[in-house]
Amino acid sequence: MSGTSAALKPPADAVRPVRHPEAPAPGELLGAHYEHCFGCGEGQRHGLHLQARAGDGLSVTAEFTVQAAHQGAPGLAHGGILTTALDETLGSLNWLLRVIAVTGRLETDFVRPVPVDTVLHLDAEITAVHGRKIYSRATGRIGGPDGPVAVRAEALFIEVKVDHFIENGRPAEIEAAMADPDQVRRARAFEVNP
Ligand SMILES: CCCCCCCC/C=C\CCCCCCCC(=O)SCCNC(=O)CCNC(=O)[C@H](O)C(C)(C)COP(=O)(O)OP(=O)(O)OC[C@H]1O[C@@H](n2cnc3c(N)ncnc32)[C@H](O)[C@@H]1OP(=O)(O)O
């Protein structure tokens, strides 16, 4: 059963956006947006280490292996962890538009239990854009990229500027991020390439 709320339905005058000309090519890894991100950061030892790859059009794919540390019930993935994997995959889509955006709303259907050691095959796509609002959906399958659906999500991301992080993040981490020329260059690149 799926019952997406009205807030996740694009308005009638929403548009289907186009991939940014400098977006990573299909098949390319997108790379982490922040090394300490719980979803994708290489430097986050407790994290999911999810690696998203650009697909065709406005889509990405990613894989995530459920670890023992991700359990909710014995031997099964915690639903919040699965939602995090969906959130991260959906968030990475915005790179194809070269837009920085944060999750405003995320709705998940848990269709099948996901055992520890399972590889969750995720795919996601942007469906519409309306002003700063980016509508997207994602699916997670088990047993292979064409296996049965285990989780499904629809989301609304909201475009923000780098200042969103600078104004709201804990100062210690913001100062460290701003001292990293790669992080600043990457973040600013999104603002000069509309
Ligand atoms: C040099 C420094 C380096 C830093 C660089 C870092 C680079 C980072 C790169 C990439 C980052 C990607 C990170 C991905 C991580 C994975 C994804 C996450 O988990 S993100 C975390 C969870 N999400 C939040 O923490 C959002 C918290 N919420 C907010 O901050 C605000 O509520 C925000 C920005 C979402 C909206 O606030 P408003 O004041 O800007 O805008 P308003 O006017 O309220 O909303 C704009 C439109 O969106 C709708 N909207 C907003 N929230 C909605 C909601 N929850 N449901 C439905 N509609 C919503 C509104 O109704 C409005 O629509 P109408 O334009 O009037 O049609």
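**View 1. Buried residues of helix α1 in the predicted model.** In this predicted model, the buried residues of α1 include Ile 81, Leu 82, Ala 85 and Leu 86. The run from Asp 87 through Glu 88, Thr 89, Leu 90, Gly 91 and Ser 92 to Leu 93 is buried too. From first C-alpha to last, α1 reaches 22 Å, close to the 21 Å expected at 1.5 Å a residue.

**View 2. The shell around the ligand.** Look here for the 26 residues that surround the ligand, the closest being Gly 91, Val 102, Gly 104, Ile 158 and Ala 187. The elements giving two or more residues to this shell are α1 (79–93), β3 (101–110), β6 (149–159), α2 (163–168), α3 (171–178) and α4 (181–192). Of these, β3 gives the most, with four residues.

View 3. By type, the shell residues divide into 14 nonpolar, seven polar and five charged. Domain 1 (16–160) and domain 2 (161–194) each supply at least three residues to the shell.

**View 4. The annotated stretch, residues 75–139.** An unreviewed UniProt entry annotates residues 75–139 as "domain: Thioesterase". Over this stretch the chain is 23% helix and 45% strand, and its end C-alpha atoms are 22 Å apart.

**View 5. Confidence in the model.** The protein has a mean pLDDT of 94, and 97% of its residues reach 70 or more. For the complex, the predictor gives an ipTM of 0.97 and a pTM of 0.96.

Definitions and conventions
Residues are numbered from 1 along each chain as its sequence is written. This is a predicted model: local features need pLDDT of at least 70, side-chain atom pairs count only at pLDDT 80 or more; totals for chains, interfaces and linings use all residues. A residue is near a molecule or strand if its C-beta atom, placed from the backbone, lies within 6 Å of it. Ala, Val, Leu, Ile, Met, Phe, Trp, Tyr, Cys and Pro count as nonpolar, Asp, Glu, Lys and Arg as charged, and the others, Gly among them, as polar. Domain bounds come from an automatic or database domain assignment. pLDDT is the predictor's confidence in each residue, from 0 to 100. UniProt positions are given in the numbering used here, feature names are shortened, and annotations may be inferred rather than shown by experiment. The expected span of a helix is 1.5 Å times one less than its number of residues. A residue is buried if 20 or more other C-beta atoms lie within 10 Å of its own, exposed if 12 or fewer, and partly exposed in between; C-beta atoms are placed from the backbone.
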